[in-house]
Amino acid sequence: MNNVVEYFSLIFQSVWRFFAHNLFSIAALTISLYTLWKGRKHLSFTFDNDIKILPYKSIFCFDKDGKKLTYDICLMTSISIVNPSSSDIGYFDLRVFDTNTNINISFLTSRTFPPDLDDKRVFYQSTEGLRQLDIPTRNFGTFKSNSFSRMDIVIIVPNNLDTNSISLDIKYPKIQLFRSKRDPFAISNRKVFAHQGIHYHFPNGLQADILNSISEQSVPKEYLIHLLLNQLIELSKSKL
């Protein structure tokens, strides 16, 4: 029994001497590890689970003469981002694309407007009233340290877009070592960076859902006929 007590006593003394002789080194290492952990790149993303088919011509801006410039049919969703880090973190490759073809779909940013358009504000006229949207400045930018950001993503639906799934994705400069964590839809060599995204599904097809959504609105018959013809053309192609 005494041998066991002496054995553990020697171990305790050795450990104590080690810490006593290396106290400053251990403290410096602890501070370095804490600083590294505190300064790590970390963003928290919240994607809106719903994507809305907006009413006809409900998205608009104003030209230099004060004339309203409208968009026919748009989809809208949003992203909320929290940067709890003590440093600014950039983002890039903010993109919207057809999940089936991986082809980009246009969305509104301050840089997509004509250069002579001084007023970069975008408005949404909903049943609840008029709202100014927080569209991104471009498809890349910076999230300030200890900040909360929100982006309204307004997708311009082209007439020939017929899909059942649309994806929204964004990257930030944090290397992903594991391939399983990388963006499978990446179209550049920046696929090695961390990303966050969401897929939106349209079970009946996007064109059918748009047609059903706006059929009860005050929409010109010519536009409804145009959408219906597009749907019939795509249906005939699928049968060939």
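**Entry 1**

I began with Arg150 and Asp152, whose side chains meet in a salt bridge at 2.9 Å, N to O. I used the term for a side-chain nitrogen of Lys or Arg within 4 Å of a carboxyl oxygen of Asp or Glu. The model is predicted, so I kept to its limits: local features need pLDDT of at least 70, side-chain atom pairs count only at pLDDT 80 or more, and totals for chains, interfaces and linings use all residues. Residues are numbered from 1 along each chain as its sequence is written, and side-chain values use heavy atoms, with hydrogens and water left out.

Asp152 also forms a salt bridge with Arg131, with the closest N and O atoms 3.7 Å apart. Arg131 lies in strand E8 (residues 129-132) and Asp152 in strand E10 (residues 147-156), so this pair ties together parts that are 21 residues apart in sequence. Strands (E, at least two residues) and helices (H or I, at least four) are DSSP runs, numbered from the N terminus.

I then looked up the cover on these residues. Buried means under 20% relative accessible area, exposed over 50%, and partly exposed in between (1.4 Å probe, protein chains only). Asp152 is buried at 1%, while Arg131 at 34% is partly exposed. Arg150 is also partly exposed, at 37%.

**Entry 1: Arg190 and Asp93**

I counted nine salt bridges by the same rule. One of them joins the side chains of Arg190 and Asp93 at 2.7 Å, N to O. Arg190 lies in the loop between strand E11 (165-175) and strand E12 (193-201), and Asp93 in strand E6 (residues 89-98), so the pair ties together parts that are 97 residues apart in sequence. Arg190 is partly exposed, with a relative accessible area of 35%; Asp93 is buried at 14%.

**Entry 2: the sheet with E3**

Which strands form the open sheet, and in what order? I read four strands in the order E4-E3-E7-E8, with antiparallel pairing. E4 and E8 are the edge strands, each pairing on one side only. Two strands count as paired if DSSP finds at least two bridges between them.

I went through the pairs in turn. Strand E3 (residues 59-62) and strand E4 (residues 68-71) are antiparallel over four bridges, and Ile59 has Tyr71 in E4 as its bridge partner. E3 and E4 form a hairpin with five residues between them, and Gly66 in the turn has a positive phi of about 85°.

E3 pairs with strand E7 (residues 123-126) over two bridges, again in the antiparallel sense. Here Phe60 stands opposite Phe123 in E7. E7 and E8 pair over four bridges, also antiparallel, and the bridge partner of Phe123 in E8 is Gln132.

How many residues of helix H3 (residues 206-214) are buried? I found seven of its nine, and H3 is mostly covered. The buried residues are Leu206, Gln207, Ala208, Asp209, Ile210, Leu211 and Ile214.

Ile225 is found in helix H4 (residues 221-239) and is partly exposed at 49% relative accessibility.
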